[in-house]
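Work through the exercises below with the model open. Each task is followed by a stepwise solution.

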Amino acid sequence: MIDRPMPSERAQLTGRERRLLERNVPLFYAFRFLREAQIWIPVWIVFLIVDRGFSLTQVGVAEACFLLGLVVLEVPTGAVADRYGRSTSLALGAGALIASMLVFAFSTSFPILLVSFLMWSVAVTLMSGADLALLYDTLKALGREEEYEKLAGRGEALLWAGAALGVLIGAPVAGAVSTQFTIFVGAGTMVAVVAVTIAMTEAPRLGGSGERPSYWAGARQAVRVAWQQPAVRTAIVYTAALGAGLGATGYLIQPFLLDKGLDIDFTFSALQLPGLVAAIVGASVAYRLVARSGPVAVLATLPVVGVGAYVALALVDHLGALPFLVLVMLARSTIEPIASGYVNRRVPSDQRATILSMQSLALGLLLAPFSAGVGVIFDELGPGWAFALAGIALGGLALVAGPLWVRAHRRERLRPGGVTVEPVAPSVVAPSLPPRPGDPSG
């Protein structure tokens, strides 16, 4: 049994400290919005395929390398956030993302493309989970941790709103200037993100020992904490399975539109917008769904919705299938604010960012082969077969991992004197997924 702080344990804050911590919430919103307000998002595949001459198979392989980079780096970089500070990790990640975008803009060969994607994985893993951990620690220090799902959901919605803004104007700008120009604009936007992270205030750590272990000791301790709680370790696997199944086709919307003969103009941008709007809705209502129905009902419904959408996408070979891609994005965005809170309430503050990074690690392990696979199949057999593969993968993963998590979750609730879950609004519990190049997800 792992000891947990009593609900009454709060940080003793001065008025100035409280104001600085309260400022973290709007800064968290700004970080999430600006990080994804990138006008290259709707044309990055076009840049690689049309302007640079890469095949979709090469793009899929590069993305698989990016995801494997996540696997290698997620826990070590999560430990950076736990050891040296969440805001420090966010600032380092934003700076690394600027560098990776500039290398990406000058990718003229496959090796250079791989370098840019691997640099991207360093940037993403430094940021992954650190912003959510900082938000939760901030709210806990302020005595407002019951607001976590609501505020994390707003942050997720702003992430997708930023992406929606970038998508709306990206293709017209690319058509007027160039696709490469949109990448330079994105690098400039990330400079503002660095400024936001520097302005954040590190929250006090509650519920830990008060001492920060060494880097590797902290990482080992986080793995041990997660492994000792069946509900946590199976939740990590199951939510990663959902994320992999629903996210494997995340970069196919632009090839899908090109396959249907669309030009790079406002219409090309506008047709990508409904998916992002749906993602905003999904992230915004996730905590309400869990509050009403509980985590088991919501997370069990998502693979059913996803498989149904993939079946339709496999059978309908024209633009009329686009609403089903929107449905996939709706389901995918709902996962983010549900799973991170679920894990947050079951682990100590000192290991929170590292364990959240373990969710991204598990997702990368599952997503890498599927992302490469759907790219190859799209090139060789067409979009219908690519979506069919994604549906089969989602259904199979959910059937294997879902029952394991449900059993562990129910045993935790029934076991007297077991793991203490921190106080939360009735039935509200919540997962975290990593972003990928040109694809917002957390």
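**Exercise 1.** At roughly what angle do the axes of helix 7 and helix 15 cross?

*Solution.* First, the ground rules. This is a predicted model, with residues numbered from 1 along each chain as its sequence is written; local features need pLDDT of at least 70, side-chain atom pairs count only at pLDDT 80 or more, and totals for chains, interfaces and linings use all residues. Side-chain values use heavy atoms, leaving out hydrogens and water.

Step 1: locate the helices. Helix 7 covers residues 148–176 and helix 15 covers residues 322–344. (Helices are DSSP runs of H or I, at least four residues, numbered from the N terminus.)

Step 2: take the axes. They come within 10 Å and cross at roughly 145 degrees. (Axes are lines fitted to C-alpha atoms over the stretch in contact; angles run from 0 to 180 degrees between N-to-C directions.)

Step 3: The crossing of helix 7 and helix 15 is right-handed. (Right-handed: the near helix is turned clockwise from the far one by less than a right angle; left-handed: anticlockwise.)

Step 4: list the contact. Helix 7 brings Tyr 148, Glu 149, Gly 153, Glu 156 and Trp 160. Among their partners in helix 15 are Met 329, Glu 336 and Asn 344. (Contact means heavy atoms within 4.5 Å.)

**Exercise 2.** Which helix axes cross at roughly 20 degrees?

*Solution.* Step 1: the pair is helix 10 (residues 230–247) and helix 14 (residues 295–315), with axes coming within 10 Å.

Step 1: classify. Helix 10 and helix 14 are therefore roughly parallel to each other. (Roughly parallel means an angle under 35 degrees.)

Step 2: the crossing of helix 10 and helix 14 is left-handed. Its contact includes Tyr 238 and Leu 242 of helix 10, and Leu 299 and Tyr 310 of helix 14.

**Exercise 3.** Is Thr 234 buried or exposed?

*Solution.* Thr 234 lies in helix 10.

Step 1: apply the cut-off. Thr 234 has 16% relative accessibility, so it counts as buried. (Buried means under 20% relative accessible area, exposed over 50%, partly exposed in between, with a 1.4 Å probe and protein chains only.)

Step 2: find the partners. Leaving aside neighbours within four places in sequence, Thr 234 is in contact with Leu 404, Trp 405 and Ala 408.

**Exercise 4.** How many residues has the largest nonpolar core?

*Solution.* Step 1: the count is 113 residues. (A nonpolar core is a set of buried Ala, Val, Leu, Ile, Met, Phe, Trp, Tyr and Cys residues joined through side-chain atoms within 4.5 Å.)

Step 1: its largest share, ten residues, comes from helix 10.

Step 2: Trp 44, Phe 104 and Ile 355 have the most contacts inside this core.

Definitions and conventions
Helix = DSSP H or I, 4+ residues; strand = E, 2+ residues; numbered from the N terminus. Parallel < 35°, antiparallel > 145°, perpendicular 65-115°, else oblique.
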